Amino acid sequence: MSNVATRSRTAWPVDKWVHEFFGPAAANEWFPAGFSPAAEIVKDGDDAVVRLEIPGVDIDRDVKVELDRGRLVVSGERRDEHAEDTDGRTLREVRYGSFRRSFAVPSHVTAEAVSASYDSGVLTVRVAGAHAGSTAQRIEIAR
């Protein structure tokens, strides 16, 4: 029995093609590098509230919140380094990765309506008035 591990690759580098053809934004969304933080979206009155779990980031240096062409975009990079000395040996772990999450917002939303805060590893982004004037309408299902 052999202890050799094999790695299979696709014959066609789809992620590279998407990056070249559609641009880096599409490539990052379709083939994310790094990790994708968990997100929760809730309605709070007329506001939409997005919460993302991104513990261990330097929020001022490594996270960006933007409103771009009708999308709320949260992107950044997580860098986590940990070193431990035991019995004269050093164990060092380094984890890093970029992330990008985007969410559609109504066309009437401007940057002034967006606010963000960070507490205990959770980024909270509030989009004021995102649901203002909107009501759900039931669509009949044809049989």
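Me: Which residue in S7 is the bridge partner of Val-114?

Reply: The bridge partner of Val-114 in S7 is Val-127. Before we go on, please keep in mind that this is a predicted model, in which local features need pLDDT of at least 70 and side-chain atom pairs count only at pLDDT 80 or more, while totals for chains, interfaces and linings use all residues. Residues are numbered from 1 along each chain as its sequence is written, and side-chain values use heavy atoms, with hydrogens and water left out.

Me: OK, and how many bridges do S6 and S7 pair over?

Reply: S6 and S7 pair over six bridges, in the antiparallel sense, where two strands are said to pair if DSSP finds at least two bridges between them.

Me: What is the strand order in that open sheet of four?

Reply: The order is S1-S2-S7-S6, with antiparallel pairing, and the edge strands are S1 and S6 (114–119), each of which pairs on one side only. On average, neighbouring strands of this sheet are turned by 20° against each other, direction ignored, with axes being lines fitted to C-alpha atoms, for helices over the stretch in contact, and angles running from 0 to 180 degrees between N-to-C directions.

Me: Stepping back, how many helices and strands does the protein have?

Reply: The protein has three helices and seven strands, and along the sequence they follow the pattern α-α-β-β-α-β-β-β-β-β. Helices (H or I, at least four residues) and strands (E, at least two) are DSSP runs, numbered from the N terminus.

Me: Changing topic, how many salt bridges are there?

Reply: A search of the whole structure finds six, a salt bridge being a side-chain nitrogen of Lys or Arg within 4 Å of a carboxyl oxygen of Asp or Glu. One of them joins Asp-44 and Arg-126, at 3.0 Å from N to O; Asp-44 lies in strand S1 and Arg-126 in strand S7, so this pair ties together parts that are 82 residues apart in sequence.

Me: Which residues end up in one network with Arg-126?

Reply: Asp-47 also forms a salt bridge with Arg-126, the closest N and O atoms being 3.0 Å apart, and because Asp-47 lies in strand S2 and Arg-126 in strand S7, that pair links parts 79 residues apart in sequence. Through shared partners, the salt bridges join Asp-44, Asp-47 and Arg-126 into one network.

Me: Is Asp-47 buried or exposed?

Reply: Asp-47 counts as buried, at 18% relative accessibility, whereas Asp-44 is partly exposed at 39% and Arg-126 is partly exposed at 27%. Buried means under 20% relative accessible area, exposed over 50%, and partly exposed in between (1.4 Å probe, protein chains only).

Me: And which residues touch the most other members of the largest nonpolar core?

Reply: That core has 19 residues, and those touching the most other members are Ile-54, Val-63, Leu-72, Val-74, Val-109, Val-125 and Val-127. A nonpolar core is a set of buried Ala, Val, Leu, Ile, Met, Phe, Trp, Tyr and Cys residues joined through side-chain atoms within 4.5 Å.

Me: What is Ile-54 in contact with, leaving aside neighbours within four places in sequence?

Reply: Its contacts, meaning heavy atoms within 4.5 Å, include Phe-35, Pro-37, Ile-59, Val-63 and Phe-99. Tyr-118, Gly-121 and Leu-123 are also among the residues that Ile-54 contacts.
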